[in-house]
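Dear colleague,

I am passing a structure on to you, and below it I have set out what was found. Please read the notes with the structure open beside them.

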Amino acid sequence: MTNHLPNPNEIFPNAYQTSCFIKNVIQSPNIIVGDYTYYDDANHPEEFEKNNVLFNYPEFGDRLIIGKFCAIASGTTFLMGPANHRLSSVTTYPFNVFGGVWEERTPAHLSQLPFKGDTVVGNDVWIGRESVIMPGVTIGDGAVIVAYSVVVKDIPPYTVAGGNPARVIKKRFDEELTEILLAVKWWDFAPEKLAAFLPVLCDPDLSKVKEVFKGELQ
């Protein structure tokens with residue numbers, strides 16, 4: 001049996017090179033990604049920041065925060081706050097960005113945009129193919145976002161959500177197991193402890209899983 005553990009500091013963690021641990025390719029100071037979170041794409045997954053985080057201007061003040069062990073499918077896009085237009089006046093047209101007299105006679109563009117705050121994705125979140133995550137939403141730990149969804153509101157932990165706009169379809173587990181998982185925070189286990197717990201994490205016998213993790217809380 002091999003004792004090799006995946007290295008969270010690798011860009012391409014396996015031989016296929018279609019999955020990228022994206023924390024290792026991020027350049028923008030306002031994008032924060034946890035260990036082992038990957039973006040999967042057949043074409044240059046290492047260009048996640050360039051192709052999948054849109055309208056990102058750090059000076060605007062919002063952040064994209066993604067937790068550990070998230071699986072982000074091909075084509076998923078995160079829209080940052082500057083993707084918005086001014087909504088406080090009779091027109092949404094961005095005159096200021098076109099320069100000249102228009103720029104002279106209008107307020108600075110970014111200063112007039114609605115500020116939605118940080119976009120936050122929890123830990124162990126699976127985001128399906130071609131989904132769109134709008135500015136300022138929070139997706140809770142353990143949530144699943146169905147492919148081709150548009151997330152415009154917060155999604156609770158350990159729920160399955162989908163559609164346009166995305167709505168909660170179902171809870172993944174009962175309340176007790178959900179609370180236990182949120183308390184245990186397995187994604188913070190040391191690598192060796194996590195490796196030992198992999199059979200539990202992948203066991204479909206949820207009653208047994210519940211009892212094991214209860215022991216972790218004692």
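In which order do the four strands of the open sheet stand, and with what pairing? Before the answer, please keep in mind that this is a predicted model. The order is β2-β5-β8-β11, and the pairing in this open sheet is parallel. At the edges stand β2 (31-33) and β11 (138-139), each of which has a single partner strand, so one side of each is left without a neighbour in the sheet. For β2, strand β5 (residues 64-66) runs parallel to it and is joined to it by three bridges, and Ile 31 has Leu 64 in β5 as its bridge partner.

Lys 23 and Asp 35 form a salt bridge in which the closest N and O atoms are 2.7 Å apart; Lys 23 belongs to the loop between β1 (19-21) and β2, whereas Asp 35 belongs to the loop between β2 and β3 (38-40), and the two are 12 residues apart. Lys 23 is partly exposed, at 27% relative accessibility, and Asp 35 is likewise partly exposed, with a relative accessible area of 25%. The count of salt bridges comes to 10.

Turning to the helices, α4 (residues 191-201) and α5 (residues 206-217) pack at an angle of about 150°, and their axes are 10 Å apart. Because angles over 145 degrees count as roughly antiparallel, this description applies to α4 and α5. In their contact, Lys 193, Phe 197, Val 200 and Leu 201 of α4 meet Val 209, Val 212, Phe 213 and Glu 216 of α5, a set that divides into six nonpolar residues, two charged ones and no polar ones.

Glu 176 counts as partly exposed at 37% relative accessibility, while Lys 210, at 13%, counts as buried. Glu 176 also meets Lys 214 in a salt bridge (3.0 Å, N to O), and since Lys 214 lies in α5 and Glu 176 in α3, this pair ties together parts that are 38 residues apart in sequence. Salt bridges with shared partners join Asp 174, Glu 176, Lys 210, Glu 211 and Lys 214 into one network.

Definitions and conventions
Residues are numbered from 1 along each chain as its sequence is written. This is a predicted model: local features need pLDDT of at least 70, side-chain atom pairs count only at pLDDT 80 or more; totals for chains, interfaces and linings use all residues. Side-chain values use heavy atoms; hydrogens and water are left out. Axes are lines fitted to C-alpha atoms, for helices over the stretch in contact, and angles run from 0 to 180 degrees between N-to-C directions. Angles under 35 degrees count as roughly parallel, over 145 as roughly antiparallel, 65 to 115 as roughly perpendicular and the rest as oblique. Contact means heavy atoms within 4.5 Å. Ala, Val, Leu, Ile, Met, Phe, Trp, Tyr, Cys and Pro count as nonpolar, Asp, Glu, Lys and Arg as charged, and the others, Gly among them, as polar. Two strands pair if DSSP finds at least two bridges between them. A salt bridge is a side-chain nitrogen of Lys or Arg within 4 Å of a carboxyl oxygen of Asp or Glu. Buried means under 20% relative accessible area, exposed over 50%, partly exposed in between (1.4 Å probe, protein chains only).
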